[in-house]
Amino acid sequence: MPQRVMGAWLVVVGLVGLAAVGVLALCGRDVRAAARRGPRWKRRLLAAGLSVLAAFGWTGRSGEAREPTAVATVSESKTGSADASEIVLAVFRMRAQLAELEKLTAARDVNGPAVTSTADAIESLVAVLRAPGNVGKLTPKGQAEAARLLALARKRLPAARALVPVGTTDLVKSPQWQVVADAWRFAGPLAVNGKSTSAQRKEADAKLKAAAKAVSALQLAGLLTSAEAGLLTVDAARIRTEIYRNPPTDFRGTCYDMAYIPPAQASLGRLQKQVAYLKTIVGSDKLAPAALDKVIGSIERDVAILADPKQTKRLPAAQKAGAEALRKQVSLLAAQIKRRVLSARLGQTAGWATVTDAMAFGAKIGQRNTTAQRKQFTGKLTAAVAALAALAKADALTEGESTLMSGELQRIRTAVTRYPPTDIRVTCYKMAYNPPAKRSFERLQKRLPLLKKLAESGRLNTAVLAKVLPTVRADIETLSREKELAQLRKDRALAEAVRKQAAPVLAAIEKQLASAGAGK
Amino acid sequence: MISPSPDRGERRQDSFVFEVTQRCNHDCLHCYNAWKNPVDYPIGELPTDETLAMTGKLLDETGASLVSLSGGEPMLRRDIHQIIEFLVDRGVAVNLITNGSLLDEQAIPRLAPDKISVFELPLLSAERDIHDRLSGRARAFDDVTLAVANLKAAAQRVVCVFVATRQNLPTWRDTAEMAIALGADGIMFNRFNPGGAGARNIAALQAAPGELAGALAEANEIAEQYEFPISCSIAMPPCLFRTERYPQLSFGFCAAGTERAYYTLDPLGNIRPCNHSTTILGNIRTGSFWEMVDSPLMHQFMAARPAFCDGCRLADECLGGCKAAAEVCCGDLAACDPFLAAFKHQAVKLT
């Protein structure tokens with residue numbers, strides 16, 4: 001009997017629960033979430049309703065939620081929307097890919113392409129999870145798992161990439177260089193800014209640590225010299241020191257145990273380490289502009305600090321003279337290296353391509369060339385001159401180098417224009433054959449406004465003007481002859497227009513001459 | 001009257017300047033003639049037959065295809081037409097460097113057509129007073145403008161020469177436009193290069209690099225606007241001028257000793273490295289041109305460089321500016337070009 005009563009009671013509770021579930025579902029509420037919140041009677045009632053539904057095979061979860069273990073963490077996403085399920089999937093995949101990465105990097109012979117593709121896949125999952133609002137769609141447990149995986153990825157990715165065999169002779173294209181560049185890109189601004197959170201510091205540390213491994217790999221592969229690697233190492237230490245010079249922004253304590261080192265002292269210490277590397281680089285034929293780009297700016301900053309009396313006054317007297325000598329030496333070395341870096345980069349600029357194009361074209365056509373080639377060369381030369389000016393302005397060339405190049409362009413130009421063009425048979429090549437009508441309208445175009453001005457100014461003796469006018473008249477007559485105009489083809493309309501404009505100007509000058517009395 | 005050419009081997013000198021006379025009817029403030037320097041320079045002229053004989057010998061030895069007749073004022077020589085015809089008969093192109101005062105309507109038909117390749121006439125200013133003052137003669141402006149007009153009416157090729165001094169620079173644009181209006185085929189923008197009478201007038205004539213740079217910028221605009229050839233024949237030291245900023249202009253460096261050199265023959269047969277120099281390498285009537293070119297004197301001329309240019313990347317092209325000007329103004333070929341010396345403090349050496 002009591003069992004019957006109990007059974008009936010369960011059925012009633014189940015039915016009431018089912019009804020409550022139905023009502024909540026009709027109201028658009030999240031029944032499962034509601035079953036986890038509120039007073040116990042409510043949670044039990046709804047759980048009963050859900051159990052009845054489960055007894056009929058309805059789970060209220062989508063397929064992916066049936067996956068083992070992970071389901072326990074992430075299946076309880078706050079919403080059942082497609083977005084949330086994508087994020088859940090990203091977490092699953094990230095976990096799998098990180099495990100795969102660990103396996104790959106633990107192998108004795110690292111499979112470079114496999115590590116790279118797995119690392120790339122993890123990067124894209126990291127991007128999904130870092131997108132604003134995405135992780136917030138997960139349950140608290142899911143969020144914690146995502147955070148754990150993100151931290152793991154942050155730690156493992158750079159280290160894994162640093163292990164990939166270099167496999168290239170181009171520093172910038174190597175995966176290791178990407179690790180180095182990424183570390184400087186991330187940590188550099190934090191160092192400059194002086195403000196960072198604890199998490200950012202951890203990430204910077206991980207990246208710099210991986211970068212150190214990458215630098216070693218690149219040095220072993222011969223893509224960086226030991227001097228360049230040394231400079232990068234010193235600079236990495238600088239970045240870290242500067243990141244840690246203030247407490248993290250999320251640090252609530254009142255004290256911070258980072259010892260204060262005066263900037264001049266720090267700069268001096270770094271330059272003392274770097275000077276030998278700089279000397280080696282200046283004396284070497286090899287140069288990795290990408291690596292030097294990373295450090296030259298901070299070296300210049302250290303040099304500037306040592307040039308600032310306000311900063312150097314904190315140095316002990318015994319160090320001051322040495323610091324000044326070192327500053328001068330490093331300043332000179334850094335300037336030399338900077339120039340070499342800029343020169344190495346020069347070849348990649350469009351401006352340089354314009355200059356070399358003009359030179360190559362000039363050299364190609366040489367001293368025996370046609371009027372068309374000469375015209376083409378003048379166009380290229382003008383562009384090259386403008387490019388040289390732009391390169392000098394951008395500091396890619398010194399004034400002297402720009403002048404030197406322009407001297408070279410002038411030399412080529414002199415050679416190109418040394419003899420008359422090959423398509424002209426007269427002695428003076430400026431007298432190239434042009435149809436007479438063309439010569440006439442070109443002359444008229446240039447001269448008439450100037451002659452009018454001269455006539456008005458009274459500068460020229462009227463006898464001279466009177467002598468000049470017949471040549472103008474002759475040009476107008478030439479442009480009046482059909483036979484001459486016929487040779488002009490496309491310029492004909494222009495020539496006729498010039499003639500029409502010229503006639504009244506000529507008449508006005510003649511009138512002026514007549515009133516002044518020609519032959520004054 | 002074509003003389004057979006003796007064997008010159010591979011050597012050839014394309015052109016030379018022939019100063020047919022030392023007499024002149026102008027007294028230009030900027031005149032650089034060698035005999036106007038305070039040095040003993042041989043003065044005189046040879047009779048026509050001897051003049052033609054020595055000219056022929058020089059042509060034979062050099063194989064030159066261009067001779068620029070200069071002076072003094074070449075049109076003052078009574079036998080100038082004979083000299084020109086001699087050269088034309090030899091198949092040589094002739095340029096005539098003249099002040100234009102004697103190129104009247106009678107003279108021009110004798111020279112035209114086709115005897116003279118280029119007439120080079122000074123147009124020192126669009127302002128009559130300035131031109132006349134610089135030329136040292138009244139009516140010089142009217143004469144030269146009329147000569148240009150007459151030459152153009154006779155379809156001759158004319159290049160005007162503007163000697164840039166502090167006195168005429170303000171009128172440069174107007175002067176260039178006047179040359180274009182008169183129909184000139186080109187203009188030379190030559191900075192004042194001290195020497196001869198000019199060496200006595202440096203203070204009055206020498207313009208500063210800044211003023212010249214402004215005029216070069218204008219010249220560049222004019223050349224572009226009118227598609228008009230403008231060249232700077234007197235070396236503009238690259239440590240004082242950024243010549244690449246004026247792509248429409250042509251610039252030259254000292255050509256002494258190169259195949260572009262304009263060795264100069266004076267009326268007595270003396271050969272000099274250029275028309276600005278007072279160094280006499282020898283006499284063509286008694287010596288061989290190539291022996292003069294190979295002489296220690298010429299090597300000394302070519303090798304001279306101012307100490308200031310040590311370490312300059314362009315030293316071998318620029319040769320330190322005009323060494324002849326250094327020679328006549330400072331008495332030392334290896335001294336600084338007086339223009340460079342005056343503005344050395346502004347120079348940016350190309351190391």
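Two residues are in contact if their C-beta atoms, placed from the backbone, lie within 7 Å. The views below come from a predicted model.

**View 1. Chain A, a chain of helices.** Chain A has 21 helices and zero strands. Of the contacts in chain A that have a separation of 6 or more, 75% are made by residues 24 or more positions apart. Buried residues account for 32% of the 520 residues that make up chain A.

**View 2. The side of chain B that touches chain A.** Here 33 residues of chain B are in contact with 31 residues of chain A. Two helices of chain B, α5 (140-153) and α6 (172-182), each supply at least two residues of the side that touches chain A, and the largest share of that side, seven residues, comes from α5(B). Sorted by class, the side of chain B that touches chain A has 18 nonpolar, six polar and nine charged residues.

**View 3. The open sheet of chain B.** In chain B, 11 strands form an open sheet with mixed pairing, in the order β8-β7-β6-β5-β4-β3-β2-β1-β9-β10-β11. Its edge strands are β8 (249-251) and β11 (282-283) of chain B, each of which pairs on one side only. Within the sheet, strand β1 (residues 15-19) and strand β9 (residues 263-265) of chain B run parallel and are joined by three bridges; Val17(B) has Thr264(B) as its bridge partner in β9(B).

**View 4. Met188(B) and its surroundings.** Met188(B) is placed in strand β6 (residues 186-191) of chain B. Met188(B) counts as buried because it has 20 C-beta neighbours inside 10 Å, and a residue is buried if 20 or more other C-beta atoms lie within that distance of its own. When neighbours within four places in sequence are left aside, Met188(B) is in contact with Val159(B), Val161(B), Phe162(B), Ser231(B) and Ser233(B). Pro122(B) lies 66 residues from Met188(B) in sequence, while the two are 9.1 Å apart in space, C-alpha to C-alpha.

**View 5. The largest nonpolar core and another core.** The largest nonpolar core has 130 residues, and those with the most contacts inside it are Val148(B), Cys160(B), Phe162(B), Ile187(B) and Ala219(B). The helix α5(B) gives the most to this core, with eight residues. Not counting residues up to four places away in sequence, Ile187(B) touches Val159(B), Cys160(B), Phe162(B), Ala176(B), Ala179(B) and Ile230(B).

Notes: Residues numbered from 1 in each chain as written. Chains lettered and ligands numbered in written order. Predicted model: local features only at pLDDT ≥ 70, side-chain atom pairs only at ≥ 80, totals over all residues. Helix = DSSP H or I, 4+ residues; strand = E, 2+ residues; numbered from the N terminus. Nonpolar A, V, L, I, M, F, W, Y, C, P; charged D, E, K, R; others polar. Pairing = 2+ DSSP bridges. Buried ≥ 20, exposed ≤ 12 C-beta atoms within 10 Å, placed from the backbone. Core = buried A, V, L, I, M, F, W, Y, C linked by C-beta atoms within 7 Å.
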